[in-house]
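Please walk me through this structure.

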Amino acid sequence: MLKNIRIVLVETSHSGNIGSAARAMKTMGLSSLCLVAPKVLPDEQALALAAGADDVVQSAVVVPDFAHAIADCSLVIGTSARSRHLTIPQLDPRGCGERAVQYAEHHEKVAIVFGRERVGLTNDELLKCGFHLNIPANTDYSSLNLAMAVQLVSYEVRMAMLARQNAGAITPPTALSTPSSEKPAQQELEYFFTQTEQLYRELDFIQNNGVMPKLRSLYARAELRKNELNILQGMLSAVRKKCG
């Protein structure tokens, strides 16, 4: 199950943080690490701080941009230390762990994304996430380094998995497990959002940049399945055809 959960680090500045994050992951049973355009590729310092999690570091996938890191994922959760004025559904670490395990149990790929050490994720990147994860740290001193944040979230993922195992949870034959109701991958959603924005701008429904973030939030809360996304795509095609 945990192999379906991917930790994504965006533009990491220090290779040591990659190693420390890998160590945090491995202690909780996670092994899938993706690096988005790291400033420094994993080196000896990364391996030293991995402290035995060399395999996680060495098998890490390096991609050029954020879109590549999440393209095949059905659930994308972006972390942010700051409260943003974005209408994205929010999760705490416990809710993140439970939701990630729920998806992973159904063989859906999950990405939990951590931003740059100094500035975190951009608003643009967060808008591509279905959920916004905020760690409710001490408001007077909320300084968590990257590896600490990865450790905390990885722990909650493991606890959610153990809770399901201890309860004897078996994947039920729910709608989520049927092919027509699988969750769409992020690249499919991005295609839909691009087509939606293009059509609505042509129809003069969208005249500013504030509409699409709200639509993204709406669809994120709906947690669309593939068959539902296909219906929406068909609606777009019908409107475009009718409008000539």
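**A buried glutamate and beyond**

Setting aside neighbours within four places in sequence, Glu-156 touches Pro-93, Arg-94 and Gly-97; contact here means heavy atoms within 4.5 Å. Glu-156 sits in helix H7. Helices are DSSP runs of H or I with at least four residues, strands are runs of E with at least two, and both are numbered from the N terminus. The relative accessible area of Glu-156 is 10%, so this residue is buried. Buried means under 20% relative accessible area, exposed means over 50%, and partly exposed lies in between, with a 1.4 Å probe and protein chains only.

The model is predicted: local features need pLDDT of at least 70, side-chain atom pairs count only at pLDDT 80 or more, and totals for chains, interfaces and linings use all residues. Residues are numbered from 1 along each chain as its sequence is written, and side-chain values use heavy atoms, with hydrogens and water left out.

Ser-80 is another buried residue, at 6% relative accessible area. Its place is the loop between strand E4 (75–79) and strand E5 (90–91). Beyond its neighbours within four places in sequence, Ser-80 contacts Leu-126, His-132, Leu-133 and Asn-134.

Now the interior. In soluble globular proteins, nonpolar side chains tend to be buried together. A nonpolar core is a set of buried Ala, Val, Leu, Ile, Met, Phe, Trp, Tyr and Cys residues joined through side-chain atoms within 4.5 Å. The largest one here has 38 residues. Those with the most contacts inside it are Ile-5, Ile-7, Leu-9, Leu-33, Ile-112, Phe-114 and Val-150. Which helix gives the most to this core? Helix H7 (residues 146–166) does, with seven residues. Apart from this core lies another, of 17 residues, including Val-63, Ala-69, Ile-88 and Val-113.

Take Ile-5 as an example. Leaving out neighbours within four places in sequence, Ile-5 is in contact with Leu-30, Ser-32, Ala-100, Val-101, Ala-104, Val-110, Ile-112 and Val-157.

H7 also packs against H1. Their axes come within 8 Å and cross at roughly 15°. H1 is therefore roughly parallel to H7. Axes are lines fitted to C-alpha atoms, for helices over the stretch in contact, and angles run from 0 to 180 degrees between N-to-C directions. Angles under 35 degrees count as roughly parallel, over 145 as roughly antiparallel, 65 to 115 as roughly perpendicular, and the rest as oblique. The crossing of H1 and H7 is right-handed. A crossing is left-handed if the near helix is turned anticlockwise from the far one by less than a right angle, and right-handed if clockwise. H1 brings Asn-17, Ser-20, Ala-21, Ala-24, Met-25 and Thr-27 to the contact, and H7 brings Leu-146, Ala-147, Val-150, Gln-151 and Ser-154. These residues divide into six nonpolar, five polar and no charged. Ala, Val, Leu, Ile, Met, Phe, Trp, Tyr, Cys and Pro count as nonpolar, Asp, Glu, Lys and Arg as charged, and the others, Gly among them, as polar.

Next comes H8. Helix H8 (residues 186–202) packs with helix H10 (residues 226–242) at an angle of about 25°, with axes 11 Å apart. H8 and H10 are therefore roughly parallel. Their crossing is left-handed. Among the H8 residues in the contact are Leu-189, Phe-192 and Leu-199, while the H10 side includes Leu-229, Leu-232 and Leu-236. The contact of H8 with H10 has nine nonpolar, four polar and four charged residues.

H8 also packs with helix H9 (residues 211–222), at about 140° and with axes 11 Å apart. That angle makes H8 oblique to H9. The crossing of H8 and H9 is right-handed. From H8 come Glu-190, Phe-192, Phe-193, Thr-196, Glu-197 and Tyr-200; from H9 come Met-212, Leu-215, Arg-216 and Tyr-219. They divide into six nonpolar, one polar and three charged.

Finally, some backbone details. Glu-11 has a positive phi, near 45°, and is not a glycine. It is found in the loop between strand E1 (5–10) and helix H1 (15–27). At 23% relative accessibility, Glu-11 is partly exposed. Ala-51 also has a positive phi, of about 50°. Its loop runs between helix H2 (44–50) and helix H3 (54–58). Ala-51 is partly exposed, at 48% relative accessibility. Ala-48 lies in helix H2 and is exposed, with a relative accessible area of 56%. Ala-48 and Gly-19 are 29 residues apart in sequence, yet 7.2 Å apart in space, C-alpha to C-alpha.
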